[in-house]
Amino acid sequence: MRMSGAEILIESLKKEGVKHIFGYPGGVVLNIFDLLYENEDFQVILTRHEQGAVHAADGYARSTGKPGVALVTSGPGATNTVTGIATAYMDSVPLVVLTGQVSTDLIGNDAFQEADIVGITRPCTKHNYLVKDVKDLARTIREAFYIATTGRPGPVLIDIPKDVTVNKATFKWPEQVSLRSYNPTYEGNKWMIKQAARTIQKAKKAVIIAGGGVILSNAARELKELIEFAEVPVTMTLMGLGDFPGAHELSLGMLGMHGTYYANKAIQESDLIVAVGIRFDDRVTGRVKDFAPHAKIIHIDIDPTSIRKNVRVDIPIVGDAKRILKVLLSILKEEGKSQWEPVRKSWLKQIELWKKEHPLSYAYSDTIIKPQYVVEQLYELTKGNAIISTEVGQNQMWAAQFYKYDKPRTLLTSGGLGTMGYGFPAAMGAQVAHPGMTIIDIAGDGSIQMNIQELATCVLYKLPVKVAILNNQYLGMVRQWQELFYGERYSCSHLDTVPDFVKVAEGYGAVGLRAVKPSEVVPVIKAALKIKDKPVFMDFVVDWKEKVFPMVPAGAAIDEMMLGEEAEEKKKKKLRAVK
Amino acid sequence: MRHTISVLVENKFGVLSRVSGLFSGRGYNIESLSVDETIDPQLSVMTIVTSGDDQIIEQITKQLNKLIDVIKVVDLTEVDHVEREMILVKITPKQQDKAEALRLVDIFRGRVVDSSPRTYTFEITGDEKKIAAFVELIKPFGIKEFVRTGKIAMAREGVKKS
Ligand SMILES: Cc1ncc(C[n+]2csc(CCOP(=O)(O)OP(=O)(O)O)c2C)c(N)n1
Ligand SMILES: [Mg+2]
């Protein structure tokens, strides 16, 4: 059957099982949007900014595991997607971004709304395409979805010139994709896995570091089994939160720059690190040359480039985390665990001591709202039964520290790129995918203003996203660095005018609530959670002086932590007592 | 250390910029790069000369492999291989030096590809050492123009490729 390019595109998306498209129209994609008019197969969500569309597709993808789809016009529409694409690329999120392009005969002429989006996004996509011939369209779409979702996932962009949407070709959907140049490795090397098992058996002070790769490979069950069977404590990267229940006794919470005291201590004292689906980002390792000085490192990852990029690795295993953990477990189980029980016990005891020495803490006040208290109450009142997204800054770190993630895909956060403005549209995308679920964006007053326009989208589609704004009147994380490392010179970190978020919400037709006293926090959250048909802004006026601790200064080893005044005070007292 | 890396790629629009973009984006340097279609017009081979310590070279080969359009990457430095490059050099010798210049080209098994009353243009093919030696000797004759192809290389037969 002969079809126009636009028709082929629609058919192809149907074949891929796409149900939701986040989009924004414009000149060169009108043929495509015309077919979406009154189309029953898809819900098209018209966002208020293309960046919002891509982050929404990203939140949709992270919360479901299915690829997110965005559709935008050429030129400014396409360039507006770049931050969203780069965000997804850094965090390995499967997206297919469709951009319109000027007609093939105009490409290269600086035509109206022409941008070389394939050139612009080459370094921040897993792959990208310019479709010049309508005959290639169906195959390209098939390939794009395949590449986006297999191996280490990532965003793929397809640039479609206007004439290609008009030109006709016979629609032929390739049943299979075969790319001689793309064959991700899934099965881990057996011999290496055996080595890993032997090393784990011998270790006295092992720690597992679990990352986003565990979520991507749906390996949380295998990971839990390994942790519980081998009695090895686990710490998670920001991207890995949810890999393993945060409230479990073997969980050490997050490691790294704002990781827990006990996680960072355990890493530095360990004799073995089993890293699963992580890429050893500098926020995780601190000063690389002093990272885990006594440990052997087993590194499991599907992307060979992750291995030995930043840290030395003793046993590299390339492949899919789920399959590798299964094999590893079966080897360990065959040999039984009696031999290591006594050694493991004393290591766990040591960790317990560290946990008691410096638990995550903050000084509660009953006169001023502490931001950590808000996050804690969000956890208490949702019982962890919610999807949390975050913005970037202090809000993101408190969300990582004080909310306990039980399950994979319950935290959506921009880890690699650290994109302010990510959380709200991502929450919106997650809400589209999970209509009945409680979705909360833990936000800063700075970040929320970067994509605040999506309130309109949430109102329009009745998406009851909750936004908890930790309103400190500051770009708090910037202020924190300036206070600690720049002699309290607060250059451009005070926001001066922060809008009345309650009125902003109401102006958009959403609900605005405010808490200024600690006693108002719980009632505000409860009221917000009851609202099922509208987005809600919760404006928490919090103590602007609060800082995120522990903190490893940039360039320090991860056990060179600043623990906060309170903790420092305690330490001094203890020293005095010893004297 | 310097490495000569051979990269087999899909002969598609944009592949060269994916490869060169990878090098510039990650701060690796390209000392030379030559690329052309193979016998199979759907494929191209790039020969890239780069340098770095072992960890960097490992990353370069892995990152290249990760590009969707890259089919195969061989670090030829690890295996026995032959390398060639070609130069064209135009000189302006004095009348009394002309015979000497021609003899030099002969010794290096080069060819005269163009001549004019005031200039000779020579073509020399060889490995890096040979080219360097020739350039050293021809310099005193007055080099007017100089171009080189960049290296192409191939593993010797019977050598296991990684
Ligand atoms: C798009 C973008 N621009 C700048 C930054 C740098 N940055 C990191 S945190 C931060 C402050 C965020 O302020 P706010 O959203 O109020 O969060 P808070 O730290 O106060 O909780 C800034 C400017 C960034 N991460 N992203
Ligand atoms: Mg703030």
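These notebook entries record what I looked up in a predicted model.

**Entry 1. Conventions**

I noted that residues are numbered from 1 along each chain as its sequence is written, and that chains are lettered from A and ligands numbered from 1 in the order in which they are written. Because the model is predicted, local features need pLDDT of at least 70 and side-chain atom pairs count only at pLDDT 80 or more, while totals for chains, interfaces and linings use all residues; side-chain values use heavy atoms, with hydrogens and water left out.

**Entry 2. The magnesium ion**

I looked up which residues hold the magnesium ion (ligand 2). The ion is coordinated by Asp445(A) (OD), Asn472(A) (OD1) and Tyr474(A) (O), at 2.0 to 2.1 Å. Donors are N, O and S atoms within 2.8 Å of the metal (3.2 Å for Na, K and Ca), and sites may look incomplete, since water is not among the atoms. Along the sequence, I found these donor residues spaced D-x26-N-x1-Y. Both Asn472(A) and Tyr474(A) are buried (under 20% relative accessible area; exposed is over 50% and partly exposed in between, with a 1.4 Å probe and protein chains only).

**Entry 3. Ligand 1**

I next examined the 17 residues around ligand 1, of which Gln394(A), Gly418(A), Asp445(A), Ser447(A) and Gly476(A) come nearest. A residue is counted here if one of its heavy atoms lies within 4 Å. By class, the shell has seven nonpolar, nine polar and one charged residues. Ala, Val, Leu, Ile, Met, Phe, Trp, Tyr, Cys and Pro count as nonpolar, Asp, Glu, Lys and Arg as charged, and the others, Gly among them, as polar.

Helix H17 (394–402) and helix H20 (476–485) of chain A each supply at least two residues of this shell. The largest share, three residues, comes from H20(A). Helices (H or I, at least four residues) and strands (E, at least two) are DSSP runs, numbered from the N terminus.

I then listed polar contacts, which are pairs of N or O atoms within 3.5 Å. A polar side-chain atom of Ser447(A) lies 2.6 Å from an oxygen atom of ligand 1. For Tyr474(A), a backbone N or O atom lies 3.0 Å from an oxygen atom of the ligand. The protein buries 77% of the 590 Å² that ligand 1 exposes when taken alone (Shrake-Rupley method, 1.4 Å probe).

**Entry 4. His258(A)**

Is His258(A) buried or exposed? I found that His258(A) is buried, with a relative accessible area of 5%. His258(A) lies in the loop between strand E11 (251–254) and helix H12 (261–269) of chain A. A polar atom of its side chain is 3.0 Å from the backbone oxygen of Pro550(A). Leaving out residues up to four places away in sequence, His258(A) touches several residues, including Met397(A), Gln401(A) and Met477(A); contact means heavy atoms within 4.5 Å.

**Entry 5. Chain B**

I counted four helices and nine strands in chain B. From the N terminus on, they run β-α-β-β-α-β-β-α-β-β-α-β-β. The C-alpha trace spans about 55 × 30 × 30 Å along its principal axes. Of the 162 residues in chain B, 42% are buried.

I also looked up Pro93(B), in the loop between strand E5 (81–91) and helix H3 (98–107). Pro93(B) counts as buried, at 10% relative accessibility. Beyond its neighbours within four places in sequence, Pro93(B) is in contact with Lys98(B), Arg118(B), Tyr120(B) and Phe141(B).

Conventions
A polar contact is a pair of N or O atoms within 3.5 Å; within protein, one must be able to donate a hydrogen and the other to accept it, and residues adjacent in sequence count only if both atoms are side-chain atoms.
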